[in-house]
Amino acid sequence: METVKIEEYKDEWPFKYQGEQSKIKEIMTDKAIAIEHIGSTSVQGLGAKPIIDFMVGVNDLKEVEEFIEPLAKIGYEHVYHKEFPNRRFFRRGEWRAGTHHLHIYVHGSEEWNNNILFRDYLRTHPDVLKQYNQLKKEFAEKNHHDRVAYTNAKHPFIIDVIQKAKLSKKMTSVDYANEEL
């Protein structure tokens, strides 16, 4: 049975992402509007399961169909999740032992923006990053053999951070507007 294990941050993670980013860009060419490193491996100092999560933004999820076979040729298996209709997901590596997770969203969609907001908030708020790091370790210990329970336990914290990030972004926009007056 696979266990949930949080590793300390590794400086190699961004380089692993960059290697995959160039492969994906080569395959998806102009259909990939943007490619972003997301998830815990994208936040320096944050412990993580050693899986490189990244996302590609496209204009329309229907475009993804033409990339299923080319992505399979470089080791990415398309995994259908009916509970996530606004995302296309590809895993590199074996089931429950993947090394890379590729998420494809409509660029600028709520899902796309939430991933960016969460990542960037952790990158700019060391206190929240430290709190999340500790929670992840506690949840991994408590849900050592249940990845779904581990993921579900993190969900309220993630939603809370996204809400704080949205509020912070609105406040910054208001501050800029007031400066112009």
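Helices (H or I, at least four residues) and strands (E, at least two) are taken as DSSP runs and numbered from the N terminus. The model is a predicted one, in which local features need pLDDT of at least 70 and side-chain atom pairs count only at pLDDT 80 or more, while totals for chains, interfaces and linings use all residues. Residues are numbered from 1 along each chain as its sequence is written, and side-chain values use heavy atoms, with hydrogens and water left out.

The loop between α1 (13-28) and β1 holds Thr29. Most residues other than glycine have a negative phi. Thr29 is not a glycine, yet its phi is positive, at about 40 degrees. Burial is expressed by relative accessible area, with buried meaning under 20%, exposed over 50%, and partly exposed in between (1.4 Å probe, protein chains only). Thr29 has 45% relative accessibility and therefore counts as partly exposed.

Strand β1 (residues 34-38) pairs with β2 in the antiparallel sense over 5 bridges; two strands are said to pair if DSSP finds at least two bridges between them. Within this pairing, Ala34 stands opposite Gly57 in β2, and His37 stands opposite Phe54 in β2. Strand β1 is mostly covered, with 4 of its 5 residues buried. Strand β2 (residues 52-58) is also mostly covered, and 7 of its 7 residues are buried. In a regular strand the side chains alternate between the two faces of the sheet. In β2 both faces are covered: one side carries Ile52, Phe54, Val56 and Val58, the other carries Asp53, Met55 and Gly57, and all are buried.

Ile52 belongs to strand β2 and counts as buried because its relative accessibility is 1%. The C-alpha atoms of Ile52 and Thr41 are 6.1 Å apart, although the two residues are 11 apart in sequence. Contact is defined as heavy atoms within 4.5 Å. With neighbours within four places in sequence left aside, Ile52 is in contact with Trp13, Lys16, Tyr17, His37, Thr41, Thr99, His100 and His101.

Arg92 lies in strand β4 (residues 88-94). Its relative accessible area is 22%, so Arg92 is partly exposed. Leaving aside neighbours within four places in sequence, the contacts of Arg92 are Glu20, Lys23, Ile74, Gly75, Tyr76, Gly98, Thr99 and His100. Between Arg92 and Tyr132, which are 40 residues apart along the chain, the C-alpha separation is 26 Å.

Two packed helices are described by the angle between their axes and the distance between the axes. Here, axes are lines fitted to C-alpha atoms, for helices over the stretch in contact, and angles run from 0 to 180 degrees between N-to-C directions. The axes of helix α3 (residues 110-124) and helix α4 (residues 126-142) come within 5 Å and cross at roughly 110 degrees. Helices α3 and α4 are therefore roughly perpendicular to each other, on a scale where angles under 35 degrees count as roughly parallel, over 145 as roughly antiparallel, 65 to 115 as roughly perpendicular and the rest as oblique. Helix α3 contributes Phe118, Tyr121, Leu122 and Thr124 to the contact, and α4 contributes Pro126, Val128, Leu129 and Tyr132. These residues divide into 7 nonpolar, 1 polar and no charged, where Ala, Val, Leu, Ile, Met, Phe, Trp, Tyr, Cys and Pro count as nonpolar, Asp, Glu, Lys and Arg as charged, and the others, Gly among them, as polar.

Aromatic pairs were searched for over the whole structure, and 5 were found. Rings of Phe, Tyr and Trp (its six-membered ring) pair if their centres lie within 6.5 Å; planes under 30 degrees apart count as stacked, over 60 as edge-to-face and the rest as tilted. The ring centres of Tyr9 and Trp13 are 5.4 Å apart and the planes stand at 85 degrees, so this pair is edge-to-face. Both Tyr9 and Trp13 are buried. Phe118 and Tyr132 form another edge-to-face pair, at 5.3 Å centre to centre and 90 degrees between the planes. This pair links distant parts of the chain, with Phe118 in helix α3 and Tyr132 in helix α4, 14 residues apart. Phe118 counts as buried at 14% relative accessibility, and Tyr132 is buried with a relative accessible area of 2%. Tyr17, Phe54 and Tyr76 form one aromatic cluster.
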